[in-house]
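User: I want to learn how to read the core and the charged pairs of a model. Can you take me through them?

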Amino acid sequence: MNPSFEVLMKDSYISQDYMHIPKYFYEHLPESHSTTVLHYDGEPWFMEINMGKQRWFKDGWKYFVMNNNIKRGWLINFELVEITEFCVIFQLQVTGRGTLQDPVEIN
């Protein structure tokens, strides 16, 4: 089974230009890669991962959210499927509306 994490979307994740990756997931990400591809609904979505002390999706996150009409309360599962020489690849699964909670550990 591939490592994964889930995010229950809230207003700030939709309006921001970035989305934090949970700290417990950092161990699965290489130190040297910043380019990532999110595969969702048959389409690749290219963006960057901030590789500093905290990590987040940026430079393409808001474009992904707006173009896929992602809403508050939707649950997104990020499955890490491959790490190549040039990028980190995730498969996304988006499911219906949940309750407004925040399972992402940022600190």
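**Core and salt bridges**

Analyst: Gladly. Keep in mind that this is a predicted model. We begin with accessibility. R72 is partly exposed, because its relative accessibility is 46%. D11 is partly exposed too, at 48%.

User: What do the side chains of R72 and D11 form?

Analyst: The general idea: side chains of opposite charge can pair when their charged atoms come close. Here, R72 and D11 meet in a salt bridge, at 3.8 Å from N to O. The pair links distant parts of the chain. R72 sits in the loop between α2 and β6, while D11 belongs to helix α1, and 61 residues separate them.

User: How many salt bridges does the structure hold?

Analyst: Two. In the other case, E31 and R55 meet at 3.0 Å, N to O. E31 lies in the loop between β2 and β3, and R55 in the loop between β4 and β5, so the pair ties together parts 24 residues apart in sequence.

User: Is E31 buried or exposed? And R55, buried or exposed?

Analyst: E31 is exposed, with a relative accessible area of 61%. R55 is buried, because its relative accessible area is 4%, and buried means under 20%.

User: Now the core. Which residues have the most contacts inside the largest nonpolar core?

Analyst: In soluble globular proteins, nonpolar side chains tend to be buried together. In this structure, the largest nonpolar core has 27 residues. F5, L38, F57, W61, F64, F78 and F90 have the most contacts inside it.

User: Which elements each supply at least two residues of this core?

Analyst: Strands β1, β3, β4, β6 and β7 do, and so does helix α2 (61–67).

Definitions and conventions:
Residues are numbered from 1 along each chain as its sequence is written. This is a predicted model: local features need pLDDT of at least 70, side-chain atom pairs count only at pLDDT 80 or more; totals for chains, interfaces and linings use all residues. Side-chain values use heavy atoms; hydrogens and water are left out. A nonpolar core is a set of buried Ala, Val, Leu, Ile, Met, Phe, Trp, Tyr and Cys residues joined through side-chain atoms within 4.5 Å. Buried means under 20% relative accessible area, exposed over 50%, partly exposed in between (1.4 Å probe, protein chains only). Helices (H or I, at least four residues) and strands (E, at least two) are DSSP runs, numbered from the N terminus. A salt bridge is a side-chain nitrogen of Lys or Arg within 4 Å of a carboxyl oxygen of Asp or Glu.
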